[in-house]
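This note is intended for a student reading the structure for the first time. Please keep the sequence and the coordinates at hand while working through the points below.

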Amino acid sequence: MHQKWWMESVGYQIYPKSFYDSNGDGIGDLKGIIEKLDYLKELGVNLIWICPFYDSPMDDNGYDVRNYFDVQEMFGSMEDVHELIKQAHEKGIKIVLDYVLNHTSDEHPWFIESRKSKDNPYRDYYIWHDGRTVDGHKIEPTNWGSFFGGSAWAYDEVTDSYYMKIFSNKMPDLNWKNEKVQDAMIEVAKTWLNWGVDGFRLDAVSHLDRAPFEDAKALPNEKYPLDWFKFSNLPKVHDYLKKLNQEVFSVHDCVAIGEVGGSASIESGLNYSAFDSNELSMVFSFDHNWCNNLSDIINPKKLKTNVKDLKTVFNAWQTAFKDRGWLPLNWLNHDQPRLISHYGDYKYPLQSGKMLATVLHMMRGTPFIYQGEEIGMTNYPFDDAAQFNDVSSIAAYQYYLEQEPDDPVKALKRAGLRSRDNARTAMQWSNKLFAGFSYQKPIPLLNPNYKKVNVQKQLKNQNSLWYHYQKLIQLRRFSIQHDVITLGDFELIETNDELYVYKRTFQDQTLLIINSFSRKKQSFDVSPYEIVETLITNYPKTNIKDQKILLKPYESIVFKVKEIL
Ligand code: NOJ
């Protein structure tokens, strides 16, 4: 059997800016992470993925790297990183960093050189192209749109040409066709591995190759269509990843998790990360992240999970990867709405939060908890567009406003519901001033509900969401069900579309995982099973009548069972 250390891990994602501020400047920092390592150990995780803290002008909160080998001042110093790695390892916690390889900051020395002249030795580190002249006007080389709105090209007057940037103007895309770029980025990864990190989350990795520069199809009045296929999952990406694997990942036995975006099919997910792909260890995909009506509503109370779609997606990925590859399991990251506000129920935050946690942690793969998920943090109640900090939220707000200039409230609501700032609010440690995140006013937003939702409160209550997460992690990592939870085969059980029921089997062990996504009562027939033991639930008592489990709102139960043949 294919067995790697990361299959035994439970991960936790940290967004450093908003995790914990140790020095009172209102911004989370590396020393803050060090101070919270015992907290993480207590929760039970043994791997942390830390979002970028590299030197950066912070146009995209650190995904715009100015120097891969230094730390942005507000997060601390290189000494802090070395100390963090050391202390985490002493506590049995591995460290995964973001490896930002599609682009750099425009303030990176390579780009500063590259833009100087057409014959600069660094010119070819980035993707430059002359503009076109249409009706006497100079326009971009193609009409491609960028992820953050507007064109995927930015004009640079120094050489009167355009550079490609599929994110912000301050994030020029690297030209991976250039072997010097490949080698320079290999050096980045090697250096960090030598400094002791245990692997990487490869940011935007599916975008390293580009289609021929021809216009994308546009709707009437659409100036810059966002056509993912022009720069996603194209063939050369696999060549680059094979090279990285051969020269870096396989040499160090490190974990390499690719972010492959919403356009990666299961088949391409397997191409990247099947056990025999010789590319990545696993891929974060987003198919399960948008199984609701979020894009059609402005009132969060109208949000409805499409359980049918969610089950279809989970089933498809779990089934395709059976015996062939490994998956990360995550509900959200720093780019998505908070879980309770996305798939949970604001009327039943505790029950729905526990149910969602069970759904994820009982599947096959490596779970990743996003900071604050373990206490059920929720979206921020935006009431002013000035509260947006994220470059893409600001762009989205402006876009909605342009569409309906007379309705700024609507634009605010639409942008607010989807804003990446929701996940980036300050971690709610306690009910004290500034939620115990800092002793100064936090620079990240602070959700006013921190007096109700915080770590300190939940640690005092054995029935809290926090303890549910802790128990799930213990079951996975330390119980006698370890093998079946980690490695067992997954099988979806047919039910109505309010329930998500699945089975896990490993040798003679079988688990039945029953989850209701409904406010209404539901029932599930357990006559084909002999119930041996209840491993975890989210209500004090389980009702069974006439071989049917009668489920209360958002009830979730994991049974150890024997099948009655
Ligand atoms: C994906 C990251 O998760 C996101 O936060 C970032 O803006 C883009 N990649 C660009 O680096």
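1. A residue is called buried when its relative accessible area is under 20%. The model considered here is predicted. By that criterion, Val237, His238, Tyr240, Leu241, Lys243, Leu244, Asn245, Val248 and Phe249 of helix H6 are buried.

2. The spacing of such residues can be read with a general rule. An α-helix has 3.6 residues a turn, so residues three or four places apart point the same way.

3. What covers the buried residues of H6? The cover includes two helices, H5 (179-194) and H7 (266-273). It also includes the strands S5 (94-100), S11 (199-203) and S12 (255-259).

4. After H6 comes Asp253, which has a positive phi, near 50°.

5. Attention now turns to the ligand. Which residues come nearest to the ligand? Of the 13 residues around it, these are Asp60, Arg201, Asp203, His334 and Asp335.

6. The corresponding distance to a ligand oxygen atom is 2.8 Å for His334 and 3.0 Å for Arg201. On its own, the ligand has 300 Å² of accessible area, of which the protein covers 97%.

How values were computed:
Residues numbered from 1 in each chain as written. Predicted model: local features only at pLDDT ≥ 70, side-chain atom pairs only at ≥ 80, totals over all residues. Heavy atoms only, no water. Buried < 20%, exposed > 50% of the residue type's maximum accessible area, 1.4 Å probe, protein only. Helix = DSSP H or I, 4+ residues; strand = E, 2+ residues; numbered from the N terminus. Contact = heavy atoms within 4.5 Å. Near = heavy atom within 4 Å. Polar contact = N/O pair within 3.5 Å; in protein donor to acceptor, adjacent residues only side chain to side chain. Areas by Shrake-Rupley, 256 points an atom, 1.4 Å probe, with all protein chains shown as cover.
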